[in-house]
Amino acid sequence: MTHETVLKRAIFLAKLGLGSVSPNPMVGSVIIYKDKIIGEGYHQYYGGPHAEVNAIDRVFENYKNAAELLKEATLYVTLEPCAHFGKTPPCADLIIRHQIPNVVIGCLDPFKNVNGKGIAKLKAAGINVVAGILENECLALNKRFFTKVLKQRPYIILKWAQTQDGFFAPSIGEQKWISGKAAQRLVHLWRGQEDCILVGKNTALADDPQLNVRLVSGRNPIRAVIDQKLSLPKNLNLFDNSTKTFVFNDVLTDINDKTLYISIEDFEHFLPQYIMFQLYLQDVQSVIIEGGSKTLQSFIDAQLWDEARIFTAPKLWGEGIKSPVLEGKIINKEQIGEDLLTIVNPLKQ
């Protein structure tokens, strides 16, 4: 087995933790003895055992001579093993304790308590360490985590549906579906994978969205709405206390059950930046901005986004609110039911 082959398996395992481990990174680990997988695992939930712990545990569950096997094995892991005490003990210490002689790492951990320290600790113990295997793939795996650590803000996904002639919503403020059922189910799947969903006041009024994952199985995300003067009626679904909801305004900072009111002093300048910083302070690692057009455009104009997911439906309206406008590089196009999904990244990333 090549390093790349095994790490691809570790990346696959790591992705099983999507939507469950935030604000921690997704990590997968595989242990090889004489070209055979003897243990594997991934970080399954926030606060739970790390991938290396689960992989080593599997070896002990499956082999009576586990201690001897580990002394001749190679441990593969997508992210540098931690070297500090957090919610769990350092994984580097665990690897050293079991005398695993070889460790292959996908990419380093940018977190200041780990960055380079895990590798240094392993090498100091005489362990042979190889790093940077499938590095780009391992970095992409944890784009949310790295954005939060390095940029002190959540990873920002813009999402909207538009008609073929470029309209985003009716001009009279009523709800009117653009995308089809397949696209709607996919959006609910996405919601379960991210930490928070943000909408503007007009979208909340026109659509009365629940912003949950009712069309699929999964966890409901945190909800957020921009309501400068707290004018939204309290009978909207956003205020049903079914899940934590942030209300960004310039009137009040308070907590009412699961609704958190966060006052922002200046709504006219740097509003997207202020909102993202507040979400960062709340340990939100990723956010989907679902509307409306004005809210989406404000993040585009601020050059504050990491990915755009745009559904284009085969419909012609001829009038309405125009879709947001952005410049970027198209990463992928895919047919989702009757709609075309286009994934766009910023030109500078």
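Lys-176 places its charged end over the ring of Trp-317, 4.5 Å from the ring centre. "Over" requires NZ of Lys or CZ of Arg within 6 Å of the ring centre and within 35 degrees of the ring normal. This is a predicted model: local features need pLDDT of at least 70, side-chain atom pairs count only at pLDDT 80 or more, and totals for chains, interfaces and linings use all residues. Residues are numbered from 1 along each chain as its sequence is written, and side-chain values use heavy atoms, without hydrogens or water.

**Rings**
- The charged end of Lys-234 sits over the ring of Phe-239, 5.2 Å from its centre.
- Four aromatic pairs are counted (Phe, Tyr or six-membered Trp ring centres within 6.5 Å; planes under 30 degrees apart are stacked, over 60 edge-to-face, the rest tilted).

**Cysteines**
- The disulfide count is zero (a disulfide needs two cysteine sulfur atoms within 2.5 Å).
- Cys-107 has its closest cysteine sulfur in Cys-138, 5.1 Å away, so the two are too far apart for a bond.
- Cys-107 is buried at 1% relative accessible area (buried is under 20%, exposed over 50%, partly exposed in between, with a 1.4 Å probe and protein chains only).
- Cys-196 is also buried, at 0%.

**Cavity**
- The structure holds one cavity of 30 Å³ or more (a set of points on a 1 Å grid over the protein atoms alone, where a 1.4 Å probe fits but cannot get out; lining residues have an atom within 4 Å of a point).
- Of its 18 lining residues, Leu-18, Ser-22, Met-26, Arg-144 and Gln-285 are the closest to its centre.

Terms used: On a 1 Å grid over the protein atoms alone, a cavity is a set of points where a 1.4 Å probe fits but cannot get out, and a pocket is an open set with protein on both sides within 12 Å along at least five of seven lines; lining residues have an atom within 4 Å of a point. Grid points are joined across faces, edges and corners, and a volume is the space filled by probe spheres set on the points.
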